[in-house]
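Thanks for coming. Please have the structure open while I talk.

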Amino acid sequence: MASGGPTALTELATATAVDGSPLTPKALVRRQRIVEAAIDLGTEGGYDAVHMRVVAESAGVALATVYRYFESKDHLLSAAVSAWTAQLQRGLARIPARGDTSVDQLVDVLRRASRALERRPLFTAALIRALSSPDPGVASAAVRVRDQIYDITAPILCDMPLDDVDGIVTVLAHVWNSSISAWANGRAPISSIGNDLESAARLLLAGRAD
């Protein structure tokens, strides 16, 4: 997962405190440290390892500071999904999607995302559990992640109508949710996530001229 720094802070510039108040640059640094601490704990021990007090200690902040930015553990973990997606965006900025066609480029992006999940199975399972929470903070984080996925996808499908791109992103999100839930419930291997996403992408864009 990405470390903090100017790029990370730029991506978190729209983040606010739980009460909706804007965050100063120093507060954004603290927030980023908290997210990274949660990511490290979740990667090592899964959902149950992410205790807010331990997160505060790992991030070097007071427990009250953690609750100023995140109303619950599920809210905090859902924000980590956005951080992970931002890392994918930065990776694509450094190494653009590979492939001779837009379909191949989209598949390359989906495969990169899937491999990141496969490398952190405990953290991935923690994210799935957190994203199922009815917490309002989780819902707002999920919207941000979808916007990030759209921003990643739209340049690849730049010659398609925006409504079509939006529909493709929506379908891929449903496939992702279904595949990752099947893995989390022991019905499929984790490798099936990338395979299902690639199949969906190729079916959605079948016969499309580049």
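A helix here is a DSSP run of H or I with at least four residues, and helices are numbered from the N terminus. This is a predicted model, so keep that in mind throughout.

Let me start with V35. By that definition, V35 sits in helix α2, which spans residues 25-45. Is V35 buried or exposed? The relative accessible area of V35 is 1%, and the cut-off for buried is under 20%, so V35 is buried. Leaving out residues up to four places away in sequence, V35 touches F70, L76, A80 and A83. V35 and V55 are 20 residues apart along the chain, and their C-alpha atoms are separated by 8.5 Å.

With neighbours within four places in sequence set aside, L76 contacts I34, V35, A38, M52, V55 and F70. Now the core. The largest nonpolar core has 64 residues, and those touching the most other members are I34, V55, F70, L76, L77 and L172. Which helix gives this core its largest share? That is helix α5, residues 73-94, with nine residues. As background, nonpolar side chains in soluble globular proteins tend to be buried together.

Staying with α5, look at its packing on helix α7, residues 121-131. The two axes come within 9 Å and cross at roughly 120°. An angle of that size makes α5 oblique to α7. The crossing of this pair is left-handed. On the α5 side the residues are D74, L77, S78, A80 and V81, and they meet F123, A126, L127, A130 and L131 of α7. By class, that contact has eight nonpolar residues, one polar and one charged.

What is the handedness of the crossing of α9 and α10? That crossing is right-handed.

From α9, the contact uses I168, V171, L172, V175, W176, S179 and I180; from α10, S192, I193, D196, L197, A200, A201 and L204. Sorted by class, there are eleven nonpolar residues, two polar and one charged.

S179 lies in α9 and is buried, with a relative accessibility of 4%. Not counting residues up to four places away in sequence, S179 touches S192, I193 and D196.

Last, a position in another helix. D108 is in helix α6, residues 102-119. At 14% relative accessibility, D108 also counts as buried, because the cut-off is under 20%. Which residues does D108 touch, not counting those up to four places away in sequence? They are A97 and R98. D108 and T124 are 16 residues apart in sequence, and their C-alpha atoms are 20 Å apart in space.

That is what I have on this model.

Technical notes. Residues are numbered from 1 along each chain as its sequence is written. This is a predicted model: local features need pLDDT of at least 70, side-chain atom pairs count only at pLDDT 80 or more; totals for chains, interfaces and linings use all residues. Side-chain values use heavy atoms; hydrogens and water are left out. A crossing is left-handed if the near helix is turned anticlockwise from the far one by less than a right angle, and right-handed if clockwise. Helices (H or I, at least four residues) and strands (E, at least two) are DSSP runs, numbered from the N terminus. Contact means heavy atoms within 4.5 Å. Ala, Val, Leu, Ile, Met, Phe, Trp, Tyr, Cys and Pro count as nonpolar, Asp, Glu, Lys and Arg as charged, and the others, Gly among them, as polar. A nonpolar core is a set of buried Ala, Val, Leu, Ile, Met, Phe, Trp, Tyr and Cys residues joined through side-chain atoms within 4.5 Å. Buried means under 20% relative accessible area, exposed over 50%, partly exposed in between (1.4 Å probe, protein chains only). Axes are lines fitted to C-alpha atoms, for helices over the stretch in contact, and angles run from 0 to 180 degrees between N-to-C directions. Angles under 35 degrees count as roughly parallel, over 145 as roughly antiparallel, 65 to 115 as roughly perpendicular and the rest as oblique.
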